[in-house]
Amino acid sequence: MLKPLLSGFSHIGRQVIDGTWRLGYATRFFLLVLLRSGLSFTRFGLVVRKVYFSGVLSLIIIIVSGLFVGMVLGLQGYETLVRYGSAEALGTLVALSLVRELGPVVSALLFASRAGSAITAEIGLMKATEQLSAMEVMAVDPIARVVGPHFWGAVISMPLLASLFSAVGVFGGYLIGVVLIGVDDGAFWSQMQAAVDFRHDILNGIIKSAVFGVAVAAIATFEGYDAPPTAEGVSGATTRTVVTSALAILALDFVLTAFMFTGQ
Amino acid sequence: MNRTLMDLWVGIFVVAGLGAILVLALRVGNASATFDVSDTYTVYGDFENIGGLKVRAPVKSAGVVVGRVANIQLNAQTYKARATLAIDKRYQFPADTSAAILTAGLLGEQYIGFDAGGDTANLEQGSVLQITQSAIVLEKLISQFLYNKAAEGSGGDK
Amino acid sequence: MPGDHLVDIRNLEFAYGARKILTGINMTMERGQVVAIMGGSGCGKTTLLKLISGMLRPTSGEVLVNGEAVHRMDTDGLARHRRKLGVLFQFGALFTDLSVFDNVAFPLREHTDLPEELIRDLVLLKLHSVGLRGAHALMPHQLSGGMARRVALARAIALDPGLVLFDEPFTGLDPISLTVTGNLIRRLTDTLGLTSVVVTHDVAESLKIVDRVFFVADGRIAASGTPDEVRHTTDDFVHQFIYGEEDGPMRFHFPGGSMQADFGLGRGRA
């Protein structure tokens with residue numbers, strides 16, 4: 001009678017202990033990456049390769065998604081605003097929602113599934129095929145040589161991708177609102193410019209995306225480095241990267257938004 | 001290390017990203033209209049009621065943005081709201097300039113409108129605006145209107 | 001003469017937590033020889049290699065390479081030790097994003113400040129010694145298993161190490177590549193003055209090329225000797241292993257409960 005209950009409890013307890021243990025290990029790994037990143041900066045070519053790997057290869061999905069998100073915002077926003085006779089505020093609505101929220105968050109989610117999973121898979125496969133061990137016995141630190149450049153490549157790429165997403169999105173909203181529906185061109189831009197503040201809205205959006213970049217990069221590199229060195233291990237780690245990153249991005253977004261955009 | 005095609009792509013990517021930030025700043029945002037702190041002078045305005053005025057709301061004169069609301073606080077002695085206004089140094093106003101809290105459109109944001117006076121002396125750093133007009137609070141306006149109507153109606157009966 | 005012992009392992013013990021992998025290992029390897037470590041799968045052979053390369057530390061006992069204690073080295077000492085050490089992993093472990101040339105150049109570029117022309121010459125020289133100079137522009141995924149293993153060998157000897165460790169160099173090779181790889185290990189050891197340690201369970205190939213064999217079973221050294229000695233051994237275990245017999249000291253059946261208990265026989269439950 002009591003036995004299944006107890007085993008349930010002990011199962012939960014084990015999970016909690018395991019999770020805490022893993023979190024501690026991940027934190028130590030993260031600090032180690034930061035500490036040993038010196039090489040990444042003395043040999044910047046390594047980081048440039050990884051900017052290509054995670055940034056340039058994500059360009060297409062970011063630009064196309066940004067355009068469509070902006071266009072949808074234009075359509076939906078117009079439908080709602082026109083009822084209150086303030087279709088001119090469309091520019092404000094599109095720009096503010098993109099710059100503050102959708103730009104950083106959606107591009108980070110896309111980035112996690114495109115680049116984050118690729119980083120995990122690459123590091124995990126290098127581990128599974130003993131490339132990391134080979135590096136270690138050649139007296140080359142795999143954290144400095146492989147993980148560090150991947151990490152910084154992703155951290156550099158993320159804010160740039162988010163800015164591109166927002167800019168393209170605003171253009172998408174302009175296409176739908178002004179070119180297609182016929183909202184007044186001047187009002188669209190001037191209302192937008194009056195409402196969007198550089199420091200308060202745009203800079204905060206960029207800070208957000210930089211934080212998301214650090215989170216995705218840390219999760220992706222850790223999952224890859226920690227992956228069991230088998231095919232199933234790597235595929236499981238790749239899935240975990242996407243899921244954990246998505247949760248981290250949304251949770252961080254809430255915290256950051258609470259800090260940045262309230263109280264005024 | 002040799003230059004590769006990859007470097008070119010990374011270069012294009014970085015330029016595009018920075019370009020996007022620039023576009024956001026200049027085209028979407030108002031960085032071109034944001035004043036540097038060093039290029040402004042501060043004046044104060046005391047209002048009975050600021051309505052929905054927010055920090056960073058524009059200060060306009062004849063429709064041109066000349067400054068921003070830097071801070072809003074309640075004066076504990078007079079129970080008036082004191083708005084700190086940062087005004088662009090390029091624009092000088094007579095000392096008897098009046099400030100009113102206005103609304104852009106029916107549902108638009110609130111801003112402070114300057115009406116220049118005729119004094120020969122100008123506003124200086126730390127000056128306090130003498131003539132201010134509070135925000136129009138819609139509820140008060142409506143209740144006043146209803147009250148008047150009711151008064152008229154009851155008067156007509158007699 | 002004790003000075004000729006490049007690797008000297010004394011009373012070595014190693015355990016993962018409570019699970020003992022190796023106990024009471026004593027072995028010496030002489031300079032200039034090819035030494036094979038043989039044993040069944042999972043007997044701790046690869047663990048021995050990791051102990052020699054310093055990737056693992058023994059629970060107790062000593063691992064001396066060139067008279068220096070590997071298990072007591074700090075990070076810098078370990079880095080120095082590994083620069084004089086070449087390791088060939090099971091499937092080569094080539095860096096998949098680098099070409100064959102860049103793979104072999106990797107240790108040179110990481111650890112020396114040589115000019116690029118000199119690196120080019122050295123890399124082509126090393127590739128020539130494994131017969132793959134013509135393949136320097138290929139990527140690892142374009143190589144066969146045997147070629148990848150030879151490229152990895154060229155990479156392992158890039159810094160002219162004194163000691164080269166081979167982890168299962170014969171696994172998954174066709175008979176021709178197998179002979180090629182075996183002869184290459186022998187020839188490079190002789191011409192470059194290396195000492196080679198080969199972990200393998202390929203009896204036929206390794207007995208052709210090695211000077212000395214250690215048999216590991218149940219975490220201890222079961223037997224050792226020259227290839228001729230072990231071929232004419234009287235030891236049951238070695239005999240079973242060399243001639244690949246199904247039954248002997250190593251049982252076909254994993255130890256477990258009695259048949260009667262597992263199948264529920266003799267209890268009248270049917």
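Predicted model: local features only at pLDDT ≥ 70, side-chain atom pairs only at ≥ 80, totals over all residues.
**Chain B**

The secondary structure of chain B consists of two helices and eight strands, and their order along the sequence is α-β-β-β-β-β-β-β-β-α, so that a helix stands at either end of the pattern. Among the contacts in chain B that link residues at least 6 apart in sequence, 63% are between residues at least 24 apart.

| Property of chain B | Value |
|---|---|
| Buried share of the 158 residues | 32% |
| Accessible surface | about 9900 Å² |
| Share of the accessible surface belonging to carbon and sulfur atoms | 58% |

**Between the chains**

Two pairs of chains touch, and of these the pair formed by chains A and B has the most contacts. Chains B and C, in contrast, do not touch, and their nearest C-alpha atoms lie 9 Å apart.

**Phe101 of chain C**

In chain C, Phe101(C) belongs to helix H3, which covers residues 100-111. Phe101(C) counts as buried because its relative accessibility is 13%, while the cut-off for a buried residue is under 20%. When its neighbours within four places in sequence are left aside, the residues in contact with Phe101(C) are Arg109(C), Arg120(C), Val123(C), Leu124(C) and His136(C). Val238(C) is 137 residues away from Phe101(C) along the chain, and the C-alpha atoms of these two residues are separated by 42 Å.

Definitions and conventions: Residues numbered from 1 in each chain as written. Chains lettered and ligands numbered in written order. Heavy atoms only, no water. Helix = DSSP H or I, 4+ residues; strand = E, 2+ residues; numbered from the N terminus. Buried < 20%, exposed > 50% of the residue type's maximum accessible area, 1.4 Å probe, protein only. Contact = heavy atoms within 4.5 Å. Areas by Shrake-Rupley, 256 points an atom, 1.4 Å probe, with all protein chains shown as cover.
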